[in-house]
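Welcome to this short tour. Open the model in your viewer, keep the selection tool at hand, and follow the stops below.

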Amino acid sequence: MIAGMILPLPNSSPYSNFRTCSVLTLIASGFMGTGCERETPPQTVVQTEAAKAVSPEKKSDALTAGLRLNQMQVIGTHNSYHIAPDILTYSLFDSRAEALDYTHQPMTAQLDAGIRGFELDVFVDDAGRRYAHPISIVGRWHDARFDAPGFKVLHIPDMDQESICPTLAGCLQDMAAWSALHPEHVPVFVMLECVAVDVPSLPGFDITDPERWELRHVEELERLVQATFGAEQLITPDRVRGNAASLREAITTVGWPTIDELRGKFMFVITVDDHVVAKHLARHPGLRGTVLFADCGDQSPDGVFCVINDPTADGKRIGEVAARGVVIRTRADENVVEPLSGSTERQKRALASGACIVSTDFPAADPNMESGYMTCMPCGGTARIHPLANDPRAGQSIRP
């Protein structure tokens, strides 16, 4: 079972109006991926505003009363900004082009569809225009969306950089605007992957290498998050820690704040680059006085969020780390392998694991792929009470 999950259930259950799923069934069979159900279609922004005028959203949901953040499981998207490149063009340079053949909807559409976990690859671009001339089959062309100075969101410079929101500021503004219209949504996780790796060279092309991340960039990143969302919309390390000596002590003694306390809020985590994480921790020892969590390893006293992507090879580790109260992100699919094969085995393992965020490249089926593969919440809903929660409500759907 997952740490901090022993909760009493009232004698008279208020949950009879929710369709339930057998936890044993979910763990045994997982989700087949070709028949995701949604009991009600996602509302558009206009529909939501109209609905608010008639029936304001409640401050909390009886189903989630008393449940902690790590007792929730949500669907996320991997490379949440990604638009498939011209696969024909890309295949001229790399035989692995097929692995990039996935496209996500705009941020607000993803949120409307129930996505509550996002991953953004963030590149430094101090002067602007660094990534403004990507490569096409006829050579380079000018993409003015990348002209302005500031953080950019893309996958691989020059080769695979089509993005639904090319600037980080634009991505965050879209999320904040949606949140303002849906103030009681369950917490949203946003992973900021601070990219600074060199790009392999290609014959005949001078490929753009990313700028290096420095401490000033991490500070600028934090200011952008704060300016876009404001203190009341952010889940911060200080809020989680409270009076405990460390974040790890807080989540293993008091526990995470409750889902209802965190409705309408976002949790931002910097990931991947140890160089960037080290700079952030040096600036904010114990992650004190910052709005950014960090994936700094499950052995660190500050490590309360971990990315463990493979639920098949690392399933045991996911369970062990989750049992210590750590919020984990894993992946249901990778490199378009599962949609092409139709296999849902990895997806089943991800959904039945201790991970709180199950990310996918296919939150909806791609009509061009015969398998109909997709990953969404079993039993419908935006999220669910974690199937491994030590609670009679485990597996039930959560909305919004």
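Begin by selecting T108, which lies in helix α4 (residues 107–112); helices here are DSSP runs of H or I with at least four residues, numbered from the N terminus. This is a predicted model, where local features need pLDDT of at least 70 and side-chain atom pairs count only at pLDDT 80 or more, while totals for chains, interfaces and linings use all residues. Residues are numbered from 1 along each chain as its sequence is written, and side-chain values use heavy atoms, with hydrogens and water left out.

Still at T108, note a relative accessible area of 28%, so T108 is partly exposed (between 20% for buried and 50% for exposed, 1.4 Å probe, protein chains only). Leaving aside neighbours within four places in sequence, T108 contacts D174 and W178 (heavy atoms within 4.5 Å).

Next, select helices α6 (residues 215–229) and α9 (residues 274–283): their axes come within 9 Å and cross at roughly 75 degrees. Axes are lines fitted to C-alpha atoms over the stretch in contact, with angles from 0 to 180 degrees between N-to-C directions. The two helices α6 and α9 are therefore roughly perpendicular (65 to 115 degrees). Show L215, V218 and E219 of α6, which meet V276, K279, H280 and R283 of α9.

Finally, select W213, L120, L192 and F268, the residues with the most contacts inside the largest nonpolar core, which has 84 residues. Such a core is a set of buried Ala, Val, Leu, Ile, Met, Phe, Trp, Tyr and Cys residues joined through side-chain atoms within 4.5 Å.

How values were computed
Angles under 35 degrees count as roughly parallel, over 145 as roughly antiparallel, 65 to 115 as roughly perpendicular and the rest as oblique.
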